[in-house]
Amino acid sequence: MALINIVFGLVVGFIFGFILSKTGITKYNRVMGMLLLKDFKILKFMLTAVTFSMILFYLLGDFGLLKVVSKNLDWGKLVGGLIFGTGMGLLGYCPGTMAARIGEGKKEAIFALFGMSLGILIYALSIKYVKTAFLSSEISGDIFSLFGLNKWLIIIPAALIFVGIIYFVNKKFSDNEKIF
Amino acid sequence: MENEKSNEWHWFKGGLLVSLLSVATYFIFAAIADRNYPFGVTAGFGFIAAKFGSLFSGLNENPVIKRFGEKPDAFIEFFLIIGLIIGGYTASKLSGNFKSETIPAEWVKYHGKSIVKRYVFVFVGSLLLGYGAALSSGCTTGNILQGWAHLSLGSMVAGASFFVAGIITAKILYPKVGGSDGTN
């Protein structure tokens with residue numbers, strides 16, 4: 001079991017890192033370009049991935065081949081998300097692209113890897129306080145039970161919204177990475 | 001710069017491949033390990049944090065340290081991080097983009113050559129990244145690439161917050177670049 005876990009992690013990570021690097025998602029100017037609302041290549045990449053995998057997940061789910069487990073909503077999602085976003089803006093990359101950047105020879109990313117782990121350690125130290133402040137009440141993350149509709153009545157409009165956003169930013173902005 | 005751009009994959013190709021990887025990962029793991037495996041990266045950093053944390057005896061009973069130290073997904077994601085590093089290395093070597101760099105060139109242009117200054121930002125930024133990812137239970141991979149695809153309410157809020165805070169931070173950091181100068 002342990003060996004298969006190691007191999008599985010390495011293979012998935014390798015493919016993921018290869019795609020991220022090859023598509024230019026790891027670039028500092030691309031991440032900052034997106035956050036400055038100037039270069040939307042990363043957004044188009046993400047929403048393409050989200051739309052395809054959403055449809056695949058729920059199709060496979062309908063055939064009983066997998067079960068989608070949704071993440072519940074609590075205050076930690078909002079507060080943690082804002083903290084994470086601030087960090088991403090300061091760094092110019094997120095955890096996955098950070099690791100791929102180490103492989104691309106970007107030295108500061110090694111420093112960031114330890115910083116991020118330290119951030120999680122600080123989280124562990126503050127867990128008692130965090131639990132009562134942000135994680136004490138949660139609501140189910142299952143959007144389908146919330147609306148009580150057939151799930152494809154939500155999935156298809158969601159896909160159309162994602163594709164609409166891709167279409168809009170693709171038309172309005174070029175993949176211009178030389179914004180600096 | 002010029003040759004870097006020319007050999008980049010199209011966003012559609014990259015996005016499609018990631019969606020296949022993401023679904024295959026979930027699916028294969030459910031088949032071999034009989035549990036759902038959400039494709040993510042954060043728990044791998046949690047695994048590193050747990051290894052550091054286990055050096056301090058007072059932290060042995062900490063629920064976060066225990067979770068990241070013992071759960072198989074954190075162990076897998078640690079190796080996923082190693083895989084990401086090797087994948088980034090291979091892709092950049094193959095396309096001739098591998099370049100040893102201390103700090104980003106765009107940063108130097110606007111904020112100067114001081115390595116200390118940039119490293120202070122990197123340190124603070126990475127602490128926030130780790131803390132925020134742990135609190136919102138996932139990073140861009142787990143909460144957007146996976147969570148948005150699942151339409152999880154928690155992930156939609158988390159992912160939207162990433163962008164809101166990221167956009168504000170970027171604007172403060174580069175007030176002039178972000179201005180609407182109409183060059184696009």
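The expected span of a helix is 1.5 Å times one less than its number of residues. Helices here (H or I, at least four residues) and strands (E, at least two) are DSSP runs, numbered from the N terminus. By this rule the 22 residues of helix α3 (residues 41–62) of chain A should span 32 Å, and its end C-alpha atoms are 32 Å apart, which agrees. Just after α3(A), A:G64 adopts a positive phi of about 75°.

The structure is a predicted model, in which local features need pLDDT of at least 70 and side-chain atom pairs count only at pLDDT 80 or more, while totals for chains, interfaces and linings use all residues. Residues are numbered from 1 along each chain as its sequence is written, and chains are lettered from A and ligands numbered from 1 in the order in which they are written.

**The two chains**

The table uses two terms. A residue is buried if 20 or more other C-beta atoms lie within 10 Å of its own, exposed if 12 or fewer, and partly exposed in between, with C-beta atoms placed from the backbone. Two residues are in contact if their C-beta atoms, placed from the backbone, lie within 7 Å.

| Property | Chain A | Chain B |
|---|---|---|
| Secondary structure | nine helices and two strands | nine helices and zero strands |
| Order of elements | α-α-α-β-α-α-α-α-β-α-α | α-α-α-α-α-α-α-α-α |
| Buried residues | 54% of 180 residues | 53% of 184 residues |
| Among contacts between residues at least 6 apart in sequence, those joining residues at least 24 apart | 69% | 48% |

The C-alpha trace of chain A spans about 50 × 50 × 40 Å along its principal axes.

**The interface**

Chain B gives 114 residues to the contact and chain A gives 106 residues. On the side of chain B that touches chain A, the helices that each supply at least two residues include α2 (11–33), α5 (72–94), α7 (115–135) and α9 (153–173). The largest share of that side, 19 residues, comes from α5(B). Sorted by class, the side of chain B that touches chain A holds 68 nonpolar, 37 polar and nine charged residues. In these classes Ala, Val, Leu, Ile, Met, Phe, Trp, Tyr, Cys and Pro count as nonpolar, Asp, Glu, Lys and Arg as charged, and the others, Gly among them, as polar.

Helix α4 (residues 75–91) of chain A packs with α9(B) at an angle of about 35°, their axes being 6 Å apart. Axes are lines fitted to C-alpha atoms, for helices over the stretch in contact, and angles run from 0 to 180 degrees between N-to-C directions. The crossing of α4(A) and α9(B) is right-handed; a crossing is so called if the near helix is turned clockwise from the far one by less than a right angle, and left-handed if anticlockwise. Residues making this contact include A:L78, A:G81, A:F84 and A:G85 of α4(A), and B:V157, B:S161, B:F162 and B:A165 of α9(B). By class, the contact of α4(A) with α9(B) has 13 nonpolar, nine polar and one charged residues.

**Two residues of chain A**

A:K22 lies in helix α1 (residues 2–23) of chain A. A:K22 counts as buried because it has 24 C-beta neighbours inside 10 Å. Leaving aside residues up to four places away in sequence, A:K22 touches B:W9, B:G14, B:A91 and B:S95. From A:K22 to A:F8 the separation is 14 residues in sequence and 21 Å in space, C-alpha to C-alpha.

A:W152 belongs to helix α9 (residues 152–172) of chain A. With 14 C-beta neighbours inside 10 Å, A:W152 is classed as partly exposed. A:W152 and A:K44 stand 108 residues apart in sequence and 23 Å apart in space, C-alpha to C-alpha.
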